[in-house]
Amino acid sequence: MTQTSHHDTAALLRGEGRFCDDIALPGCLSVTFLRSDSAAGDIDTLDISEAVDMPGVVAVHTGADVAHLGCLEVNGVIPYDSPLAFECLAQGRVQAVGQPVAAVLATSRSAGLDGAETIWLDIDSSDPPAPARVATQSWQAGDAPKEASAPITVSATVNHPRLVPLSMEPRAIAARPEPDGGVTVWHSTQTPHRSRTQLAHILGLDAGLIRVIAPDVGGAFGLKASLYPEEVFTVWAALHHGRPMRWSATRSEEFLSGTHGRGLTTSGRLGLDANGRFISLSAEARAPVGHWMPNSGLIPAWNATRVWPGPYLVPAVDISTTAYSENRAATGIYRGAGRPEAAALMERLVDKAGRATGLDPFEIRLRNLVPASAMPFETPTGQILDSGDYAGALDALRRVSGYDARRAEVNARREQGELAGLGLAFYLEPSGEGWETARVTWNVDGTVQIDSGSSAQGQARMRSYATIAAQALGLPAQNISVRYGDTKTCPEGIGALASRSTAIGGSAVFEACQILKSKRDAGADLPLSHDMTFKTKGQAWGYGCYLVQMAVDADTGTPTIEAAFCVDDTGTVIDQQAVTDQILGGFAQGFGEAMMEAVRYDTDGQILTASLMDYAAPRASDVPSLSIAKMQTPSPMNPLGAKGVGEAGTIGAPPAILNAAIDALAPLGITDLDMPLSPHRLWQAIHDCESRKAEL
Ligand code: SMO
């Protein structure tokens, strides 16, 4: 195989994709992991003697065999005290249920499973240690917030359950040793170059000897932006044994040892004056990182807090974040990666501020949003909001949702004893950090080849990059083909994450095309090629708002979303269909977060939700329809004017849904609810209110 070809979105939908597990590798062994069934303890016995003699088993490895391997590098967006251990196989003690302890290499997956079943593992279980601080950061601005001196103070706490990213294709990797001592790796990843660089670092191999290919990738949502212990082990085993090696996670392994999202607890106090103008914000986040850290393990703790106070003017802030380890699966970025947590706390506080001052949810926000005339605007945490008309978005939402009529309808239904409510939320989606690359080659026959340093997991990247190039070069889009996801053929790049690819990767394509076009116009002959690295001056801040109407059945607690609207400003739109699809997909996942999803552990650190039988995820038929209205304020941060949109729905929808549920139950005196808003939880809240009333 000399180059990677990916399938477009229609082919993926038809089932024509070619994923990591589809790569045929003659002589390939299957890796099966034996995992810890305790959250903490020393390994007393690890007896592999029976396993090595099982039919089909070629080798069995334990921690000692990989003790010499290096550590994964962690992005230090928050300075961390000391790195957590990165162990491909547990080194003498275990730190979480699901941690790989031993690995069986076998000629088939079933032989590997049979082999793993014969390993005798005895762990001297101990109580997990208390959570320990890993990293912390804080921001202060203005006079130290003295809520006590503010005429009105509201406070809120939001508990975000851990979530499972649930890509349709679980994690997967395959590795084939090459005659030159190197290795070719097929990896279901968002970040092929990062995988190559980190593999080189951990294995102590020259990066030039490692080729990482991301074939079609069946979803990722942040899950696949780092290397995992199992993946590093698989590549090491291929090199150690000199044979192709493969590991493909089962769905249960995704629950056990894939990175979880969210899990943060945020709390804050907002001070305001009698006119509803915000004076001060004190807020903190506590973010679990689990028992090891993936590359982006600190991003949620950082994003959740640096985005505060969100789109609002708050002169004085005292904001802090703490990441802490615990004896559970690692957490990582998951669609939104801290931004949903930032929006959820602010929007709960702002809703409460509206109730405290008697101001309508739209009015309290309009009084405090950063005005368009103040853009670009530096926030108290030093973020530069690049552009936007926040009040304009809110006005548009009020109009397209028919808010005033809905409010009247909800009030009338309340008179009839129904539980119904409206929830509003505003959100920011900072996106497009850093740099990305593109190589554009204009061939003699008029076709154009784009090789991107970015990657894709079904986001219609080929279509949007071809659209950008076609416009820049004045050629039909069908002349243009796009490749990505191969460290050998593509220029060094970052990958597809953090809503960056159109704004940053697309800008690299655009600027390379501009240079080719000017050369061509000046008379240069084909073929022409140009390598471009685009580096942004700053982030592009997408934003928008959601309005949700919810009814709650008083007898059963069942919530029904009766209507949902959003206004989204993702800057200049390159591909309308792709933008719509991103918003809808994010909304579905945001809906799942708000209404259904939660990873549960018991007090012993046992995961209680390790399959889709126990973890409720929305089906297509559960997800309500969403009306989308667009605004387009071009970002000055890149030549396309584009902003990210991949995470919009997961950021904006949950707080609107939460606010709608609380509004529906407000007549009962309910002021706070935790997600997910399961019927049981709502029924319990209603029931508790009724019992309290009965006692009075
Ligand atoms: S959480 Mo995203 O895939 O960077």
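1. Arg211 forms a salt bridge with Asp486, with 2.6 Å between the closest N and O atoms. The rule for a salt bridge is a side-chain nitrogen of Lys or Arg within 4 Å of a carboxyl oxygen of Asp or Glu. Across the interface of domain 1 and domain 3, two salt bridges are found.

2. On the basis of the model: it is predicted, local features need pLDDT of at least 70, side-chain atom pairs count only at pLDDT 80 or more, and totals for chains, interfaces and linings use all residues. Residues are numbered from 1 along each chain as its sequence is written, and side-chain values use heavy atoms, with hydrogens and water left out.

3. The protein chain is assigned domain 1 (8-127 + 171-248), domain 2 (261-431 + 539-695) and domain 3 (435-535). These bounds come from an automatic or database domain assignment. Between domain 1 and domain 3, the C-alpha centres lie 33 Å apart. Their contact (heavy atoms within 4.5 Å) takes 20 residues from domain 1 and 21 residues from domain 3.

4. About 1500 Å² is buried between domain 1 and domain 3, with carbon and sulfur atoms giving 50%. Buried area is the accessible area (1.4 Å probe) that two parts lose on being put together, summed over both. On the domain 1 side, Gln190, His193 and Arg211 lose the most area to domain 3, together 40% of what that side buries.

5. Seven residue pairs are in polar contact between domain 1 and domain 3, both residues at pLDDT 80 or more. A polar contact is a pair of N or O atoms within 3.5 Å; within protein, one must be able to donate a hydrogen and the other to accept it, and residues adjacent in sequence count only if both atoms are side-chain atoms. Which elements supply at least two residues each to the domain 1 side? They are helix H1 (9-13), helix H4 (192-203) and strand S12 (210-213). H4 gives the largest share, five residues. Helices (H or I, at least four residues) and strands (E, at least two) are DSSP runs, numbered from the N terminus.

6. The salt bridge count comes to 32. Arg162 and Glu326 meet at 2.9 Å, N to O. Arg162 lies in strand S9 and Glu326 in the loop between strand S17 (316-325) and helix H8 (339-357), so the pair ties together parts 164 residues apart in sequence. Arg162 is buried at 5% relative accessible area; Glu326 is buried at 13%. Buried means under 20% relative accessible area, exposed over 50%, partly exposed in between (1.4 Å probe, protein chains only).

7. Asp81 and Arg133 also pair, at 3.3 Å, N to O. Asp81 sits in the loop between strand S3 (57-62) and strand S4 (93-94), and Arg133 in strand S7 (residues 132-141), 52 residues apart. Asp81 is partly exposed at 45%; Arg133 is exposed at 53%.

8. Most residues other than glycine have a negative phi, and most peptide bonds are trans. The bond from Met375 to Pro376 is cis, with omega near -10°. Leu526 and Pro527 are also joined by a cis peptide bond, omega about 0°. Phi is positive at Leu166, near 55°, and at Phe221, near 60°. Leu166 is partly exposed at 21% relative accessible area; Phe221 is partly exposed at 28%.
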